[in-house]
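Welcome, and thanks for taking a look at this one with us. Please have the sequence and the structure open side by side as you read the notes below.

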Amino acid sequence: GSPSGKLLDFLQKHQIPGRAHVAYGTIWPKPTVFHLLATPDTMKSLAELMHSSAYPELAIHFHIYRNQTVLMEWHDAFTQPMLLSGELSEEGITKFAERLAMSLEKGILK
């Protein structure tokens with residue numbers, strides 16, 4: 001994304017070393033990448049910051065991973081479908097889709 005101001009400060013303050021390799025999806029211009037632990041407090045603070053930000057500030061490509069396994073890939077985030085890992089339970093994916101008000105089609109949220 002293109003974070004600035006308080007959002008950039010937050011991402012820089014909460015970033016951790018990358019623990020998995022994720023496909024950037026864009027090679028030029030070189031993307032700015034932040035890895036964060038998805039704790040409840042971190043996600044709540046990030047959601048609050050996003051109330052006053054446009055989504056391209058947060059992310060153009062968005063990934064969620066656990067250990068070395070990518071659980072979610074979202075290239076062109078917020079405008080394209082979200083791809084989910086087959087390792088996630090169907091019940092969990094369904095609940096996630098409902099909370100985001102997205103439709104579900106074979107591991108893809110739209």
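**Helix packing and a charged pair**

Covering the buried residues of helix α1 are, among others, α2 (40-50) and α3 (55-58), with contact meaning heavy atoms within 4.5 Å. This is a predicted model, in which local features need pLDDT of at least 70 and side-chain atom pairs count only at pLDDT 80 or more, while totals for chains, interfaces and linings use all residues. Residues are numbered from 1 along each chain as its sequence is written, and side-chain values use heavy atoms, leaving out hydrogens and water. Helices (H or I, at least four residues) are DSSP runs numbered from the N terminus.

- Helix α1 spans residues 5-14, and its buried residues are Leu7, Phe10 and Leu11; buried means under 20% relative accessible area, exposed over 50% and partly exposed in between, with a 1.4 Å probe and protein chains only.
- Those buried residues fall within an arc of 95 degrees when seen down the axis of α1, so they line one face of the helix; the arc is that of the directions from the helix axis to the C-beta atoms.
- An α-helix has 3.6 residues a turn, so residues three or four places apart point the same way.
- On the face of α1 turned away from its buried side sit the exposed residues Lys6 and Lys13.

**How α1 meets α2**

- The axes of α1 and α2 come within 10 Å and cross at roughly 165 degrees; axes are lines fitted to C-alpha atoms, for helices over the stretch in contact, and angles run from 0 to 180 degrees between N-to-C directions.
- That angle makes α1 roughly antiparallel to α2, a label for angles over 145 degrees.
- From α1, Lys6, Leu7, Phe10, Leu11 and His14 make the contact, and from α2, Thr42, Ser45, Leu46, Leu49 and Met50.

**Alanine 47**

- Alanine 47 also belongs to α2, and at 42% relative accessibility alanine 47 counts as partly exposed.
- Alanine 47 and leucine 100 are 53 residues apart along the chain, and their C-alpha atoms are separated by 13 Å.

- The structure holds 1 salt bridge, defined as a side-chain nitrogen of Lys or Arg within 4 Å of a carboxyl oxygen of Asp or Glu.
- Glutamate 91 forms this salt bridge with lysine 95, and the closest N and O atoms are 3.2 Å apart.
- Both glutamate 91 and lysine 95 lie in helix α4 (residues 90-99), 4 residues apart, about one turn of the helix.
- Glutamate 91 counts as exposed at 54% relative accessibility, whereas lysine 95, at 47%, counts as partly exposed.

Technical notes
Helices (H or I, at least four residues) and strands (E, at least two) are DSSP runs, numbered from the N terminus. Angles under 35 degrees count as roughly parallel, over 145 as roughly antiparallel, 65 to 115 as roughly perpendicular and the rest as oblique.
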